[in-house]
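Please find below a short note on two regions of the model.

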Amino acid sequence: MEVFLIRLLQFILAISLLVLLHEGGHFFFSKLFGVRVEKFYLFFDPSIWKWDGSIFKWKPKNSDTQYGVGWLPLGGYCKIAGMIDESFDTEQMKQPEQPWEFRTKPAWQRLLIMIGGVLVNFLLALFIYAMVLFHWGDNYIAVDDMSMGMKFNQEAKSYGFEDGDVLLRSDLGAFKKFDGDLYRNLSKAHEVTVLRKAESDSVGREVTVALPGEINMLSMLQSTPRFVTPLIPAAIDSVMPGSPASAAGLLKGDMIAAVNGKAVDSWNDIDEVLNSLADALAGAGTPSDSLKLRQTSLLVLRSGAEGTDTIPVGLTLTGDLKFGVGKPSLYNYYEETHVDYSFLRSLPEGVKYGWNVLGGYVGDMKYVFTKDGAKSLGGFGAIGSLFPPVWDWHMFWLMTAFLSIILAFMNILPIPALDGGHVLFLLYEMVTGRKPSETFMIRAEYVGFTILILLMVVANLNDVLRWLHLM
């Protein structure tokens, strides 16, 4: 429960900040061009019976704007006078046009008002990335420092990779961190250079592996095991009190050599065996079958001792099959690379970092229109789970910047009811010199709003199915 609350608070804080600043962008340009903003709300405020839906509301003296907080935490809005938006205020549009209304302003001013929110979100993300680099610097384990190499699945091996290869570079550039960019690079690369070591060769030699240049990145990430993961030795880093491993007498420093008679030399192999057991467990017909599958035997090399012991260990079932031991991390074996940035240097580096994140996100959107991509959509639960289980300001700001980029990109999509839909119609007006009719705009708004609701339902339904282990 504590972890849930910490993640929830981080999520609410980040979304509130992003929504306020996004709507603030619309508000700024509206005021700049003399357009009245009737309501400025964090969260939506649909009325319930005799309640207007406002948790808090305030209208300053001599102001045209009512500020408030609604009860439905699905975003926020800025109600601009003389504009067809999600409020569907058609009565206002039937009244004579007024000079302070959105609809009476030149198309270029209306365009700036509509892109104001997206512009603020994008600039905010770049600023946050820059300030994160300035305050914390950049910390990572360089891929070419991972001297134990990587583990590859069968698809990767079919292209010519071998377990233990160290990824160096591709025809698209050198590998820096083991992250999404590395997978994206591999998915588009035609050649990859690796350092390959033979048992009698401590230095190794560079080998070029040919790739097709069009590997499905989503498949690379979702396959079990994944296309490539850093090799982590099968050592026990910690033993949880009261766990099956503790009851079996396993100790920190012990090395696991085999699981159920299958030789393993890394946690990558152990995870593969556990995934196979989980698949078999899902098809178990009776409780006794399930219990039998959860009884495993480990061949263990004791820390500081010679020889091996075969130890029976039961597996717990709490979402995943577990022994109750902690894996070592890459930081147990490799030194971290740290780069400091001055304030002036952090600004262009933050822009570069943010632009790279946006480019990767846009490039990955093509997978959304596939069957597996639709299943990978996530709602509020998936987004909230991206925040760390402890309050970490470094990760909080990185996630906030990432969500700001997502919010900017999603809002500029040419879907009615989103900013991008209004921008599309304004560009049409600027090119043709003709405004779309109000009837068309209202219908388009309804269509766009329906599309958004359906996407939200699908995304959050995916969260529920994943929580129930049905997806």
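1. A residue is called buried here when its relative accessible area is under 20%. The model is a predicted one. By that cut-off, the buried residues of helix α14 are D419, G420, G421, H422, V423, F425, L426 and E429.

2. Helix α14 covers residues 419-432, 14 residues in total. From its first C-alpha to its last it reaches 20 Å, close to the 20 Å expected at 1.5 Å a residue. Just after α14, G433 adopts a positive phi of about 80°.

3. L426 is located in helix α14. Because its relative accessibility is 5%, L426 counts as buried. Residues up to four places away in sequence aside, L426 touches A107, R110, L111 and M114. By comparison, N462 lies 36 residues from L426 along the chain, and the C-alpha atoms of L426 and N462 are separated by 35 Å.

4. What lies 3.2 Å from a polar atom of the E23 side chain? The backbone nitrogen of C78 is found at that distance. C78 is also among the residues in contact with E23 once neighbours within four places in sequence are left aside; the others are F40, G76 and Y77.

Conventions
Residues numbered from 1 in each chain as written. Predicted model: local features only at pLDDT ≥ 70, side-chain atom pairs only at ≥ 80, totals over all residues. Heavy atoms only, no water. Helix = DSSP H or I, 4+ residues; strand = E, 2+ residues; numbered from the N terminus. Expected span 1.5 Å × (residues − 1). Buried < 20%, exposed > 50% of the residue type's maximum accessible area, 1.4 Å probe, protein only. Contact = heavy atoms within 4.5 Å. Polar contact = N/O pair within 3.5 Å; in protein donor to acceptor, adjacent residues only side chain to side chain.
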